[in-house]
Amino acid sequence: MKKSKIFMNLVVVIFCAILVYFGTFILTGEHNKLMSGICLGVGAGLFGGIALPMFITNIMPMINPKLAKIREIEKNDERNISINNASKAKAFDYLGVIVGLAAVITIILEKDWLVVSIFGVCYISMAAIHIFYLHKFSKEL
């Protein structure tokens, strides 16, 4: 295991902890409410999205080599890959419905048109990316 990966993991964890600490204890009061929320959200998001997966992929194999070997075999198994692809496809199907419903709800609640437009752009982008890859993969196969 490279020491640079462990060092990078520690740097990210410390940065996340500092952001959460600042958001919770330092930036208090009504005038710092926005910055406090941003620090908490970014700190917790980085920890859950980057630091924890880095820990699992970089440090856990050092602690338990058998588990790392089993994990590597499962990651490359064709059955698991097809299950993962099918679940992603199903999640994409539901995401289209959820984004569409969120756009309709924002219209019903009479929110700003910028918010509704963002949902619309996301929905159209999803459809365009889907059509692009559908065309690309149908040519390849």
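Predicted model: local features only at pLDDT ≥ 70, side-chain atom pairs only at ≥ 80, totals over all residues.
Helix α1 spans residues 3-26, and Ile14 is found in it. Ile14 also contributes to a nonpolar surface patch of about 700 Å², together with Leu10, Ile18, Tyr21, Phe22, Phe25 and Ile26. Three members of that patch, Tyr21, Phe22 and Phe25, form one aromatic cluster.

A pair of aromatic rings is described by the distance of the centres and the angle of the planes. With rings counted as paired if their centres lie within 6.5 Å, the model has four aromatic pairs. One of them joins Tyr21 and Phe25: the ring centres are 5.3 Å apart and the planes stand at 50 degrees, so the pair is tilted. An angle under 30 degrees would have counted as stacked, and one over 60 as edge-to-face. Tyr21 and Phe25 are separated by about one helical turn, because they lie four residues apart in helix α1. As for the surface, Tyr21 has 44% relative accessibility and therefore counts as partly exposed, while Phe25, with a relative accessible area of 55%, is exposed.

A further pair is made by Tyr133 and Phe137, whose ring centres are 5.7 Å apart with the planes at 35 degrees, so this pair is tilted. Tyr133 and Phe137 belong to helix α5, residues 113-140, and being four residues apart there, they are separated by about one helical turn. Tyr133 has a relative accessible area of 36% and is partly exposed. Phe137 is also partly exposed, at 42%.

How values were computed:
Residues numbered from 1 in each chain as written. Heavy atoms only, no water. Patch = residues over 30% accessible without salt bridge, like charges linked within 9 Å, V, L, I, M, F, W, Y side chains within 5 Å. Areas by Shrake-Rupley, 256 points an atom, 1.4 Å probe, with all protein chains shown as cover. Salt bridge = Lys/Arg side-chain N within 4 Å of Asp/Glu carboxyl O. Helix = DSSP H or I, 4+ residues; strand = E, 2+ residues; numbered from the N terminus. Phe/Tyr/Trp six-rings, centres within 6.5 Å; stacked < 30°, edge-to-face > 60°. Buried < 20%, exposed > 50% of the residue type's maximum accessible area, 1.4 Å probe, protein only.
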